[in-house]
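Work through the exercises below with the model open. Each task is followed by a stepwise solution.

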Amino acid sequence: MNKILFLAVSLFLLSNCTITLRPRIDVSVIDVTDSLEKQILGEFKIIESNYLYIDEPSSKVETDGSKVDTDFYKAMKERIYFSDIIDDYKIKRLVGEGADGLLRVIESEIFIKDSLLLEEVTEIVDIDNRARKTIVEYIAEKNKEQNNIDFYWNTFHKISVKRSPTGTLFEEEGVWKEK
């Protein structure tokens, strides 16, 4: 009888207990330069592998839900959506990173043979360039440095070249080079 009573009491106690398991979280602290890169690329919160990275943008970059904020986040989504396609175009040397921070369509014989491909590439490059303009102008404005916009474009160019696949083209001092 004692065993049955002990089992009943144990089951009652266990049914009212809550076990909380906490996952192991590694926190990555980044410096100001990396923070600017993350702002430009929109990687404030990303999950990679088994780690949760929470990169806090500077206090100057806050959202108030305005149309400007909405446009910024829409631009970020467009860049993410088209990133694989653009990388493919870069690998095929159909586009390259211009020195001004914008994508450029590279003249190619493929376009002579396939005008629809040229239209497609041009359309996607235009979408990405509009998104880039929105992002750079937004960050400069939020950091109250619109008069220093060239710094943001230069940084954007460097980051874009750095993140481009090996063998792709980028412009430096008016000359196209291979990464």
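This is a predicted model.

**Exercise 1.** Classify D88 as buried, partly exposed or exposed.

Solution. Start with the relative accessibility of D88, which is 32%. Buried requires under 20%, and exposed requires over 50%. D88 therefore counts as partly exposed. Next, look for its partner: K92 forms a salt bridge with D88, with the closest N and O atoms 3.2 Å apart.

**Exercise 2.** Which parts does the salt bridge between K142 and D69 tie together?

Solution. First check the contact: the closest N and O atoms of K142 and D69 are 3.7 Å apart. The cut-off is 4 Å, so the pair qualifies. Then place the residues. K142 lies in helix α5 and D69 in helix α3, so the bridge ties together parts 73 residues apart in sequence. Finally, both K142 and D69 are buried.

**Exercise 3.** Trace the salt bridge of D128 into its network.

Solution. D128 pairs with R132, the closest N and O atoms being 2.6 Å apart. The two residues are four apart in helix α5, about one helical turn. Both D128 and R132 are buried. Shared partners then join R79, K90, E97, D128 and R132 into one network.

Key: Residues are numbered from 1 along each chain as its sequence is written. This is a predicted model: local features need pLDDT of at least 70, side-chain atom pairs count only at pLDDT 80 or more; totals for chains, interfaces and linings use all residues. Side-chain values use heavy atoms; hydrogens and water are left out. A salt bridge is a side-chain nitrogen of Lys or Arg within 4 Å of a carboxyl oxygen of Asp or Glu. Buried means under 20% relative accessible area, exposed over 50%, partly exposed in between (1.4 Å probe, protein chains only).
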